[in-house]
Structures are given as C-alpha cells and as structure tokens.
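Welcome! Here is a short tour for anyone meeting this structure for the first time. Have a look at the sequence and the model, then read on.

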Amino acid sequence: MADEPTELKTTVLNDLHHAHGAKMVGFAGYEMPVQYKLGVLKEHLHTRAAAGLFDVSHMGQVILRGPDVAKALEALVPVDVVGLAEGRQRYALFTNDAGGIEDDLMIANRGDHLFLVVNAACKHADVARMRAALEPQGITVKMLENRALVALQGPAAEDVLAEHCPDVREMKFMDVATLPIAGAECWISRSGYTGEDGFEISVPNAAAMDLAKSLLGDARVEAIGLGARDSLRLEAGLCLYGQDLDVDTTPVEAGLSWAISKARRTGGARAGGFPGDKIILKQMADGTTQRRVGLRPDGRAPLRAGVVLFDAEEGGSEAGKVTSGGFGPSVEGPVSMGYVPQAQAGEGTTLWAELRGKRVPVRVAKLPFVPAGFKR
Amino acid sequence: MKFTEEHEWLEVEDDLVVVGITAHAAEQLGDIVFVELPDEGREVTKDEEVVVIESVKAASDILAPLDGEIVEVNESIVADPGKVNEDPEGDAWFFKMKIEDLSVLDELMDEKAYKAFIS
C-alpha cells in the first residue's frame, strides 16, 4: 500500500475489479484487488463452499523452448523435470548456492516446450537467472505479456468450468491441457493455491475480460481478492514466498522435501546438480536445526508474521518466529505458520508468543489446517 | 451522538458515556475477528490504548476518547467480533465510561461535522 498508485501496473481485468467494487492495493508492483464488496471473510468461505475467481495475471508466465530444455532446467531446480510427462505439472523451487529458496514455481510440460508460472515479485529475477543459465545452451526464455491468468477455485469449479469446456472434467490434479473456451485458446491446469479443487487458466489478453465476465455470470462464482487468497492458502498450509520462504531458508527447513524429486536426491538417477545441492542433500540426511510448522494460538488473537516465539511463559529463550498468520475463517480461529527449533517442532508442543507485551500460549499443529479438496 | 477524529462515537446514557467505533471505521477495517476489552474499573486517560481490535487485515488500537473510568464493557463483541461489522453504532458498543464533566463532549464533532471529516 506504500506504492504510489501512479507507478503501479494494471492487469487486463482492472476495469472488472473496479466494476465489482474492489478495494485496490499495490502488490508486487501491480494494482490488485484485496477484497470486493463481499469482504475477505465471506469471500474465503464462499470459495470453500462453491467457487471463487481470482485474477493472478500479475504472476509471471514463462515459456522455455530449446534442445534438452528439461535437462537444462534441472540445473536450477531440485526437481525431476526430465521425467515430467507431457500434460503434467509439478511444483518446483529455484534454489541458490547456500541452499536457500529464490522462488517457488510451477513447471508444466506442454509437449514442445515448458511452461512456468512464477511469483510476481520474483519474475524479473527468475527470467534473468534462467536467461543466464539457459540461453548459452540455445534455449529461449520468454516471459509472456500477451496472456492473463485467472484461477477458478472451489468445489463447484469443475461444474462451472465444464459448462464452458466439458473436457476439463477429465483432468486430474496437476494435469495441464490446451482447451478452447469461447473460441480462445486457453492453457488450463487443474491446480491452485487455496487447498481446494480448481483450475488455473492462462487466457489471451484479448479474451480474458469475456472469460472472467462469463465465469462471474455464474451464480456459483464470486470474485475473490488477495485478502481471501492469503487466508485460503494459509489454512491450506501453503507457503507464501517472501514470508514463509526466502533466500535464507532451505526447502528442507521449509518442510518442502517432498518437492525434491527422488531422481535428484542422494542415490537418485540424477542426484544433485542444482544450486545448493550439497547443503540441501546433507540436510535431508542429517536434519536441520529449525523447521516450518503450523501454529494454533490458544486464544482468539491472531498471531501475524514477525511475532516472536519463546519456550517459556516467563523468561526462557527465543524459540522461533511466526512467518504467516491471521484468522482462519474456515477454522473459525487464528492460524499461523512459523519456524521453530527442531526440539520444539513436535505436534502439540506448547510455545509462547509475545503479543503486545504479553506471552500467549500457542501449540504446534498439523498442516494443513483444513483438509485438501484436490481431485487426484 | 458525538464523534472523535479517531472514528469513535460517544453517546451519553444514564450519565455514562457509551463508546464504540463508527460505521465508517468498521467498514474501513474490514471483517473484525478479535476484540480485547479493558478491565472494568480501570482508570484511563485520554489517548491511552484501551481496546485492541483485529480485522482480517491488521490489528488496530482504540484509544480512550476522554479521561475517566471504564465501568462496563460489552463482552458480547468478544464472543462474536463480527457484531462490530453488523451493528457498529448500536449493539456493538465497546465500553461505558464514567467521566467527571460531561460538558467536555461539547467539544467533539457532531454527526454533520464527522461526515464532513470523513468525506
């Protein structure tokens, strides 16, 4: 919100946000809707009950094309890209030489090219990193400016989207497909960042407004802003880059070892060979001093990013800090995530959070806070 | 009803001053999910932080609008913070204060002045 509105970029759906009564804020250099008339709480609950439409056009859509592109990209991510089947998508991380995380992203195999979706705030650095590493090998790295990206999320998402494109019913979680909607070539993935079933749809700029309007014309769909996007992903135990993940945090500390593919682990077919590989693989074998956990405060007060945790109600020593937190509308209470020392990371461990000069009890809790609704 | 620049409303009822936040403030804050009220009997001075409210977006402090004693707090908004969004200038009052001289309220904005202040 500190950004000057005049310096902010807009997405092609900007007029639609205003028409739907959005409160707009600066986010990663874009003017984006933080909430609409419904408000964060109802938008969140509506997405879990029916379907929500999110404009995520600020995110970076990147195409990689060239010889052995999958093998080449593996030099930047601890993920099996070579083994990613056509029509499938996989979660990945750009790591650095210290084993920290530079960004998290999605990689899709779209046949003759790879399609990546990266975070808005990191997209220019990501493209620069990929150009430096991949262009010398004859691979082109192209950030798309001619496509918008929307997410339709929630248990009704399939029924809603199938009215425009029946083939989406055949898609499973993390499938990707090229399908026409109202004559426009859409690149659809069955994925999202809310913990619900749903789809992410890359659509040509010229067709984005019509698509968004027709989806919002369905009584089951509401427009959802960044506020509810944040509480939905938090309840789903999903990390926000810049808060829960950063350049100083490794995937192992972040509880993202599952994203490090078997082929890239010690003993795998293509073990290591990514930035920070020695550190990350050693941590996978020997463990880490801290790790990301879910946190449930005992009371009703939300514990937000930056709150410091202690191992005792009085005195004691610091025992980590909160990296994301707020009120979970579906949980009907406060939920947080944070990093704590390994010794305090066990489920049910009581810690104390320092909040407005008082220490309030908080318990280490299982993630996600709400069960996922993915269609596997 | 009188108003402060901190977006509180004050109304005299049986020689006590009832205090809450305005509909404008509630709308700006968004969905309120947590309220912490002061202890009854607490002596407060003007501009002292007396209430913490948290919306889905952020935490905010409510300041004592006047010197006085907190004599009653509205526990129903602690149990159901959403009431503050539903009826901010009615059922969802925050606390009642006893103050020495009710005439100090005359210095505060009336509804017309507050409307001009927020426009």
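In the UniProt record, an unreviewed entry, the annotation "domain: GCVT N-terminal" covers residues 14-262 of chain A. Please keep in mind that this is a predicted model.

**Annotated spans**

- Residues 16-98 of chain B are 18% helix and 42% strand, and their end C-alpha atoms lie 5 Å apart.

**A closer look at Ala51(A)**

- Ala51(A) sits in strand S3 of chain A, which runs over residues 51-55.
- Is Ala51(A) buried or exposed? Its relative accessibility is 0%, so Ala51(A) counts as buried.
- Setting aside neighbours within four places in sequence, Ala51(A) has contacts that include His46(A), Leu152(A), Gln153(A) and Gly154(A).
- Also in contact with Ala51(A) are Ala156(A), Ala157(A), Arg220(A), Val221(A) and Glu222(A).
- Met174(A) is 123 residues away from Ala51(A) in sequence, and their C-alpha atoms are 18 Å apart in space.

**Where chain A meets chain B**

- How many residues of each chain are in contact at this interface? Chain A contributes 13 residues, and these are in contact with 16 residues of chain B.
- Together, chain A and chain B bury about 1200 Å², with 49% of that area on carbon and sulfur atoms.
- Three residues, Arg300(A), Arg304(A) and Arg356(A), supply 43% of the area that chain A buries against chain B, more than any other three residues.
- Seven residue pairs are in polar contact across the interface of chain A and chain B.
- On the side of chain A that touches chain B, helix H2 (residues 40-49) of chain A gives the most, with three residues.
- The residues on that side of chain A divide into five nonpolar, two polar and six charged.

**Salt bridges between the chains**

- Three salt bridges are counted between chain A and chain B.
- One joins the side chains of Lys358(A) and Glu36(B), at 3.6 Å from N to O.
- Another salt bridge pairs Arg356(A) with Glu54(B), whose closest N and O atoms are 3.1 Å apart.
- This pair crosses from the loop between strand S18 (350-355) and strand S19 (358-365) of chain A, where Arg356(A) lies, to strand S6 (residues 49-55) of chain B, which holds Glu54(B).
- Arg356(A) is partly exposed, with a relative accessible area of 36%, whereas Glu54(B) counts as buried at 2% relative accessibility.

**Salt bridges within a chain**

- Over all chains, a search of the whole structure finds 30 salt bridges.
- In chain A, the side chains of Arg220(A) and Glu163(A) form one of them, at 2.9 Å from N to O.
- These partners are 57 residues apart and link distant parts of the chain: Arg220(A) is in the loop between helix H6 (205-216) and strand S13 (221-223), and Glu163(A) is in the loop between helix H5 (157-162) and strand S10 (176-181).
- Arg220(A) is partly exposed at 28% relative accessible area, while Glu163(A) is exposed at 59%.
- In chain B, Glu111(B) and Lys115(B) meet through their side chains in a salt bridge of 3.3 Å, N to O.
- Glu111(B) and Lys115(B) are four residues apart in helix H4 (residues 111-118) of chain B, so about one helical turn separates them.
- Glu111(B) is partly exposed, with a relative accessible area of 46%, and Lys115(B) is exposed, at 51%.
- Finally, Glu158(A), Asp159(A), Arg169(A), Arg190(A), Asp197(A) and Lys375(A) are joined into one network by salt bridges that share partners.

Conventions
Residues numbered from 1 in each chain as written. Chains lettered and ligands numbered in written order. Predicted model: local features only at pLDDT ≥ 70, side-chain atom pairs only at ≥ 80, totals over all residues. Heavy atoms only, no water. Helix = DSSP H or I, 4+ residues; strand = E, 2+ residues; numbered from the N terminus. Buried < 20%, exposed > 50% of the residue type's maximum accessible area, 1.4 Å probe, protein only. Contact = heavy atoms within 4.5 Å. Buried area = accessible area lost by both parts, 1.4 Å probe. Salt bridge = Lys/Arg side-chain N within 4 Å of Asp/Glu carboxyl O. Polar contact = N/O pair within 3.5 Å; in protein donor to acceptor, adjacent residues only side chain to side chain. Nonpolar A, V, L, I, M, F, W, Y, C, P; charged D, E, K, R; others polar. UniProt positions renumbered as here; feature names shortened; annotations may be inferred.
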